[in-house]
Amino acid sequence: MSFNETFDNLSNNINANLRRFIELLSSDNDEHLDNLVNESTKTTKQNFGNTMRLFAPLYLSNECINDCTYCGFSRSNPILRVTLSVDQVLAEAKHLHEQGFRSILLVAGEHPKFVSSGYLEECIGAIKNLFPSIALEIAPMNEDEYIKLVRAGCEALVVYQETYNKKVYKELHTLGPKKDFSWRIDCPERAYNAGFRRIGIGSLFGLSDWKKEALSLAAHLDYLKRKCWAASYTVSFPRIRPSAGGFTPSHSLNDRDFIKLVCAFRICFPDVGIVLSTRESEKFRDYLFSIGITMISAGSHTEPGGYTGKGKDDLHYTIKGRRVEIQDAVDIKPCGANSATQQFEINDNRSPKEICRMLQLKDLDPVWKDWDSSILSN
Ligand code: SF4
């Protein structure tokens, strides 16, 4: 039985681990929070030592056929778009390699015409000698397509459900294949069957009640760890940031609750990687680094060509699926930029070097490379 089939009956499937997770989130007094932070810090040290893995997102394309109300890349947003050529992807990858990264996350909007599995295979082939660890955050695909991407040299797949609340999911995904909740929620299991070694899941916090969202995410993780046990897992709790379209979240997850969330996941899932992106502020990230986070991005750009300026030669608008050249877009208020529009604003602008210095001040060792496929072939 898949997670999707058990999910509607979640309240009858709360095991001891999930009961503990609920308990850890339930109290709000200062003493409880201090205890949570201490236990989470200790558990992280026991399982990960003093290490912090570093990765960088590389955006391939901001074309998208979906309308997700909260996302800057939504089809209806009149933004500057581009899909990088394979050579341009390689240039961006070389830049990140020079900065020290050996773990990369290829990100793309959902557009089968521009971001096909063939295009992704070519991108992976072009950069695989530079990056022992290549992860993908792309549109959900079927198992056969995933098998091809694993064979091409891809190690990990990241797919966030965004919200586990089916009603809210329906309201926020108004157009395109992403409307299909089940196709998305089944994605980690298809990825596992296809042979991905590492699978990342998460929720976008701010779309729905945070405690219910957290429990659903924990239940999904708990299920995957039991049923798809040979993979390793990461989990993430991105919060909404300003983006084109100007979405205003109807819910919030404040910093204090965010800390509780990190600690509860760490305590209930001691060996799971917890990922923190540059959506969070410098000060908050610096605090979280020590208490449960194990994988971070640094110096990120959330637009295609953001690291090197590549792709500017083919910038255009795509409005409701129709390509409009910049000079013909007389009715569109220009975004005031001469580069592709970013997915969201980042909140920690420090360079990878600065982040490493901060980690070392906290007695944490930055880890650029923690995986090589030769481990399996041996
Ligand atoms: S969240 Fe993903 S699928 Fe939705 S509009 Fe943004 S890029 Fe497209």
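The model is a predicted one, in which local features need pLDDT of at least 70, side-chain atom pairs count only at pLDDT 80 or more, and totals for chains, interfaces and linings use all residues. I kept in mind that residues are numbered from 1 along each chain as its sequence is written, and that side-chain values use heavy atoms, with hydrogens and water left out.

I then followed the chain from strand 4 through helix 5 (residues 117–127) to strand 5, and this β-α-β crossover is right-handed, which means that, with the strands pointing away from the viewer, the path from the first strand over the helix to the second runs clockwise. Opposite V107 I found E137 of strand 5.

On its way from strand 5 to strand 6 the chain passes through helix 6 (residues 143–152), again in a right-handed β-α-β crossover. Strand 5 and strand 6 (residues 156–158) run parallel and are joined by two bridges, and L136 has L157 in strand 6 as its bridge partner. I noted that strand 5 (residues 133–137) is largely enclosed by the rest of the structure, because four of its five residues are buried (buried means under 20% relative accessible area, exposed over 50%, partly exposed in between, with a 1.4 Å probe and protein chains only).

Strand 12 pairs with strand 13 over three bridges in the antiparallel sense, and I319 has R322 in strand 13 as its bridge partner.

Is R285 buried or exposed? I found R285 in helix 12 (residues 282–289), and it counts as buried at 0% relative accessibility. A polar atom of its side chain lies 2.8 Å from the backbone oxygen of S297.

S300 sits in the loop between strand 11 (295–297) and strand 12 (316–319), and with a relative accessible area of 5% it is buried. Apart from residues up to four places away in sequence, S300 touches P57, T278, Y307 and I346.

**Two positive phi angles**

I recalled that most residues other than glycine have a negative phi. E162, although not a glycine, has a positive phi of about 75 degrees; this residue is found in the loop between strand 6 and helix 7 (166–172) and is buried, with a relative accessible area of 9%. D363, also not a glycine, has a positive phi of about 60 degrees; D363 lies in the loop between helix 13 (352–361) and strand 14 (365–367) and counts as exposed at 58% relative accessibility.

Definitions and conventions. Polar contact = N/O pair within 3.5 Å; in protein donor to acceptor, adjacent residues only side chain to side chain. Pairing = 2+ DSSP bridges. Contact = heavy atoms within 4.5 Å.
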